[in-house]
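Definitions are given where a term is first used.

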Amino acid sequence: MPTRTQRNEGERILAHRPTQPSISVIIPALNERDNLPHVLPKLPPGIKEVILVDGASTDGTIEMAQRILPTIRVVHQTGRGKGDALRCGFDAATGDIIVMLDADGSTDPNEIPRFVHVLLAGADFAKGSRFLHGGGTIDMPFHRRWGNGGFVKLVRLFFGGKYTDLCYGYNAFWRDVLPALELDGQGFEIETMMNIRALRAGLKIMEVPSFEDRRVTGVGRLRTVPDGWRVLRTIWRERSRQASTILIQDGRSVIPVGIPEDGVVALDIAEPIVKEHVAGNGHRSFTIAPTNGHAIADPSDGEWQSMAEMGTDSSDASDSSDEMRAVWESMTDSYRERLHQVLAGVDSAAITRVVDVIRAARDRGATVFLAGNGGSSATAAHWTNDLGKATKLSGRKPLRVMNLSDNVPWLTALANDEGYDRVFAGQLENFARPGDVLIVISASGNSPNVMQALEMAAASQMTTVGLLGFDGGMAHKLVTEALWVETEAGAYGLVETAHAALADIITACLIADRARAEVPSA
């Protein structure tokens, strides 16, 4: 008979997930030669590996993929169907995070950072949804929309959860949760199977808004009626399926635990169970505090208890709002920790040098220009206000500072007449002088208008500073001083928050310098 104690080092699949994970992108393909040029070039930087799972293509799909992306890994599918192809790709993947991407151009590779960011914020499974705000589709006729909506309602009824989309294959997840999914689907129904099993395993699931486009060329292989029946059968079978593993969360660790023949699992954990989550159809998962107690589970009767609670009624489940609060608390703790880590990684000496650059520009009457796009533009505007107002001292020359995004009529005229790449450089042509300073704020460090602004600054003999993120991008090599918030590609929120903190630190240093100047010399 199997041992009752299932937890051991071999079963522990996650002790501490990395803050800068490697990413594997899985692309199943069958005769998608003409679509790959619309997919592979859009992949964001920083991806560890791209795996093309080829289903015996005859149109030169593999050759086209290798021509566009020489580093691509090709895996030959052993069976048939999208489900089999995905499972072949999952088996071959070595990244910490796995992303599923279609080869027909209907799913946008530029959305990958959204999924990765959600996982880094604390989720186990990031599920694409075309029906969240910010998502959408132009490739779903009425009958498919109606069918998908019906399947969503069935899954909610049978398994709980709050899915808004079901039959959509743009998902990402930590590779360490694969054992809990126990995937065995062959065709398109694997997407539904994956979503249901993630729910039943008690994974932390977050939906991500995603836009589905039409396939670029060719005819899709989804058959509405036959594949719809496969999805319906999958939902029905999953309702009565008894999982052979359970997923236990012990603090920050995730442990797949096999269920032995006697149906009883004993776990070495600390203290009684502190939170119980109903995943649907009587299947439950738990968040457990790591101490020295034991928890015992008997899936055969659906009852889960801590040793301290044996003989007491533990059937009352927490509601979904309690479950979401636990997810939010975990995401909050993870975000705080990662923000602390990335700020600690910024070179303190570089911060000091940037303070000196701005201070010297103030004292010689030079102008400091700021530029950024999107959220970085907002940071630039905020910082412009602080540099101009908060550092001002009566009787002393103030800092000349200008945000290149503030003059909206001029910016839009440049965008309309000369192109958006010129919106910053076009203004510098009018104002920049030798000795001025340009500060660019960019998470990627690759924005074309930022690049042109830096080129104009170099031609104008300006000093340049970059508040950068991700891998630093091309700007890292062009700026005089770089404040680099090193993160995985796509962590925009984390980088922008860190940039705002760095701006405030530098402003505080300049205010302290102003205060020092107010003290009369002896």
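1. The side chain of Asp102 makes a polar contact with the side chain of Lys82 at 3.1 Å, where a polar contact is a pair of N or O atoms within 3.5 Å, one able to donate a hydrogen and the other to accept it within protein, and where residues adjacent in sequence count only if both atoms are side-chain atoms. This is a predicted model, in which local features need pLDDT of at least 70 and side-chain atom pairs count only at pLDDT 80 or more, while totals for chains, interfaces and linings use all residues. Residues are numbered from 1 along each chain as its sequence is written, and side-chain values use heavy atoms, with hydrogens and water left out.

2. Asp102 lies in the loop between strand S4 (97–100) and helix H3 (112–120); helices (H or I, at least four residues) and strands (E, at least two) are DSSP runs numbered from the N terminus. With a relative accessible area of 16%, Asp102 is buried, a term that means under 20%, as against over 50% for exposed and in between for partly exposed (1.4 Å probe, protein chains only). Once neighbours within four places in sequence are set aside, Asp102 is in contact (heavy atoms within 4.5 Å) with Ile27, Val39, Lys82 and Thr107.

3. Helix H9 (residues 348–363) has 16 residues and spans 23 Å from first to last C-alpha, close to the expected 22 Å, which is 1.5 Å times one less than the number of residues. Its buried residues include Ala350, Val354, Ile358 and Ala361. Seen down the axis of H9, the buried residues fall within an arc of 155 degrees, so they line one face of the helix; the arc is that of the directions from the helix axis to the C-beta atoms.

4. At the start of H9, a side-chain oxygen of Asp347 comes to within 3.0 Å of the backbone nitrogen of Ala349, and just after the helix Gly365 takes a positive phi of about 80 degrees.

5. Strand S20 (residues 463–468) pairs with S21 in the parallel sense over 4 bridges, given that pairing requires at least two bridges found by DSSP. Val465 stands opposite Glu481 in S21. In S21 (residues 481–484), Glu481 and Leu483 form the covered face, whereas Ala482 and Trp484 form the uncovered one.

6. For the chain as a whole, the secondary structure comes to 15 helices and 21 strands, and 52% of the 522 residues count as buried.
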